[in-house]
Amino acid sequence: MASTSHPSTSKQNRTAPQPSLLKTTTFSAGTSSQVSFSENISRSEDGRSLKQDVKKTRYLSFKDFLSNIFAVDSSQEFIQGSSNSKTWTDVTNSPAVLEKLDMFRKTTGGETARYAPFISLANQILDETGHHTIRFCRNDNTMVAGSFTARTPDIVVVRADCLNDTRSVESCSKQGPKDPFWWHNILMCNEFEYKAVSISKDAKEVSLLEAHSSSSWKRKPSGKATLSSNKRQKTQPSRIAPTAKSRGFRTGRKNPDRSSLASQKHHLLQTSKAVQCAGYALELLAHSGLRNFVLGIYMINAEIRPIYYDRSIIIESDSVNILENTRDIVCLFDALASSNWGLSKFITSKITPQMPKDTRTPLANIFAGGSLSFSGYSFTLKNDMYIQHRIIGRGTRVFKVVVSTTPEKDTAKIGQEYCAKISWPAKNRNSEIELVKAARDVANSRQEWKDFLNNLPEIFIHADLDVTETQIRLAAFFSSDYKERIPRIIIMTLLFPIKHLERPHQLMKVFKDIFFCHRWLYDSVKILYRDLSEDNIMFRRIGDCVYGVLNDFDLSSDWSIEEPPTTNQRIGTAPFMAIDLLKRDPPPHHLYRHDLESLYYIIVSMVCDRQSPPVSQWFELDSDIMAAHKLSILLDKPLQPCEKFQIFTGLLSQLHSAFRRGLLAQIERDFDLKETYDDETLGGWVSFEKIAAIFNCAEVPKMEEEGFRKEFDTEEPPAPKLSQHGSGHFACTGEMTKSIVSEG
């Protein structure tokens, strides 16, 4: 480890599993979107986020792909990690490989007819290069188990020790396995596509090799494929993906430059195929173990295209023809099998997955019994608590763990439960650990601030791993277009999601806690949170009282020293993101009021009917149209809470009024109808003072109040107005509260 610290489903079928009792959607944007381990995520819902992720795709030549992903020079002659004296050329020319290659060349029929000869050839290459423990195996028509989404990759790469009589290479040669693979069994997925080539009467002597070759393809405006005698043009290595304009067919351009496409060897996957392949990568990242990256293969006829996925980028390689460039395929398969498949070193012991008993929760507890050991402590993993279901992002995963061994001085902690958060935050961002430590230090510095310790996460120990060698190479190659991410683990005290709160008054108290703690962080610690969402607001119990806790500071910043962002990246979680951050391109600097707007959306999603419009649409719409949708809501009548949460009626109405008036003031400003306008407070309507007055008037019965700071009383009354960057008091006296409410 780089650094550590110790601060004070069933048989073969294509039917998706039965839905969970709980159902939410993946967020359509936002790097921090997470889903509960027990919630149902559908394939269509994944598709929306995957379309956003595939926009991160970059393109490399085959040579550059091997060099940057595997540190392999394809011009050399050696076998990765092999003790024998064979070279890649030796394997290419071996009688067994040539025989399998000839069988593949002579194969007739459609897509499925080509599975068996390809698998036979691929496994022969693995045997010749010394990788006997890795097998290609047919999976077509069988849904992979271990996820809520129904995905059926055509061919999978697995370790030989997970094969048996019901799912062996031989038994699966004609159809997928009777006993389904689980995602944690799979190392890589392969997607096949076959396109028939029509041969004209004047081209009867065309060889089978030409029929398989992508160089034989030439698209006519009609969309039909014919054979061309033109030789394939070579492509130059490219550091950056083609621009949206140059990729006409991806942006809806009606007449893309056909010659340009030909020069790229049909380089780019169609969006539908890119999303399909990315879907397999998503499941492997989420449900096959802790992976720094995953790999995939897309194959059309005899053309193989390797693809790389990590939490910052997707990289497609040029395609390579298995019949024309067999040595390159040998080199690729050897490099694939010699890699560690992106598996992280966090888990230090062999684990035995626990299969689910409830068919409505078809997720294997793949880490049960695993161990985490560092800083003199060992933890036994119990079960998943949260999984981020997105390729691009921090990949946050949270487990419940139990202390199994400790240093001699701390044996009292043995048997205690904690949660372990594993994520891949950006290397150049503020460290969540440092921000939480700074906040807790400030809270401890003054007696009147110590109550805020109840609203902050408590970190036990933490550790960072080094960035991978692959990341280092990609960062050097792509420069600012690639974001290095640090594998990080944090052990902290157990917290609970607010969706588990059933008492309306407890939920009200949690939201009040969050509002005042958020402002205290802003004023006294100079931290702007920037990512308020349902999953980042937690609670803890101390005795009979609940306390709202701001969790996950990965996207937070020190606003007193940080310059406005220079990239076009939006920070936040789309369903709860402020309108300004959704509609402006590039997005504006993140302000304090943007977090207040996010808090309003979170309250709405928790207390209103989220299964019906308009709230349900926040989890379905793309970010580019969500801004207009939210604007229409705020300019309309206030949303009404469900019957159970009627105590939120007044709070929702007054918050809605504040944001509505602020947005109207912003619209007037945009039309130059207003000379003076304060953008930080939406014209003065969304200031801390006014929102604080609304929260202070919200109802919390006395029986629920114990331990809650309803007001922050001081000996002297607060100043009549607080600066947005001030460090003043948070209390509103009775007279001030009345005056603020009357203004709004």
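## Basis of the model

The structure is a predicted model, in which local features need pLDDT of at least 70 and side-chain atom pairs count only at pLDDT 80 or more, while totals for chains, interfaces and linings use all residues. Residues are numbered from 1 along each chain as its sequence is written, and side-chain values use heavy atoms, with hydrogens and water left out.

Helices (H or I, at least four residues) and strands (E, at least two) are DSSP runs, numbered from the N terminus.

Helix H11 spans residues 469-478, and its buried residues are Thr-470, Gln-471, Leu-474, Ala-475, Phe-477 and Phe-478.

Just after H11, Ser-479 takes a positive phi of about 60°.

## Helix H16 and its partners

Helix H14 (residues 592-607) packs with helix H16 (residues 649-670) at an angle of about 140°, and their axes are 11 Å apart. Axes are lines fitted to C-alpha atoms, for helices over the stretch in contact, and angles run from 0 to 180 degrees between N-to-C directions. H14 and H16 are therefore oblique to each other; angles under 35 degrees count as roughly parallel, over 145 as roughly antiparallel, 65 to 115 as roughly perpendicular and the rest as oblique. On the side of H14, the contact (heavy atoms within 4.5 Å) is made by Arg-593, Leu-596, Glu-597, Tyr-600, Ile-603, Val-604 and Val-607, and on the side of H16 by Leu-651, Leu-652, Leu-655, His-656, Phe-659 and Gln-666. By class, the residues of this contact are nine nonpolar, two polar and two charged. Ala, Val, Leu, Ile, Met, Phe, Trp, Tyr, Cys and Pro count as nonpolar, Asp, Glu, Lys and Arg as charged, and the others, Gly among them, as polar.

H16 also meets helix H15 (residues 623-634): their axes come within 9 Å and cross at roughly 115°. H15 and H16 are therefore roughly perpendicular to each other. From H15, Leu-631, Ile-633 and Leu-634 meet His-656, Phe-659, Arg-660 and Leu-663 of H16. This contact of H15 with H16 has five nonpolar residues, one polar and one charged. In the loop between H14 and H15 lies Pro-614, which a cis peptide bond joins to Pro-613, with omega about 5°.

## Helices H10 and H12

The axes of helix H10 (residues 432-445) and helix H12 (residues 504-525) come within 11 Å and cross at roughly 85°. That makes H10 roughly perpendicular to H12. H10 contributes Ala-438, Ala-439, Val-442 and Ala-443 to the contact, and H12 contributes Trp-520, Leu-521, Ser-524 and Val-525. The contact of H10 with H12 has seven nonpolar residues, one polar and no charged ones.

Phe-118 is placed in helix H5 (residues 115-128) and is buried, with a relative accessible area of 1%. Leaving aside neighbours within four places in sequence, Phe-118 is in contact with Phe-104, Phe-136, Ile-155, Phe-192, Met-299, Ile-304, Ile-322 and Phe-333. Phe-118 and Phe-136 are 18 residues apart in sequence and 9.1 Å apart in space, C-alpha to C-alpha.

Leu-652, found in helix H16, is buried as well, with a relative accessible area of 1%. Beyond neighbours within four places in sequence, its contacts are Tyr-600, Ile-603, Val-604, Val-607, Cys-608, Leu-639 and Pro-641.

## Positive phi in two loops

Ala-71 is not a glycine, yet has a positive phi of about 60°. Ala-71 is found in the loop between H2 and helix H3 (88-92) and is partly exposed, with a relative accessible area of 48%.

Arg-530, also not a glycine, has a positive phi of about 80°. Arg-530 lies in the loop between strand S20 (527-528) and strand S21 (537-542), and counts as buried at 3% relative accessibility.

Conventions: Buried < 20%, exposed > 50% of the residue type's maximum accessible area, 1.4 Å probe, protein only.
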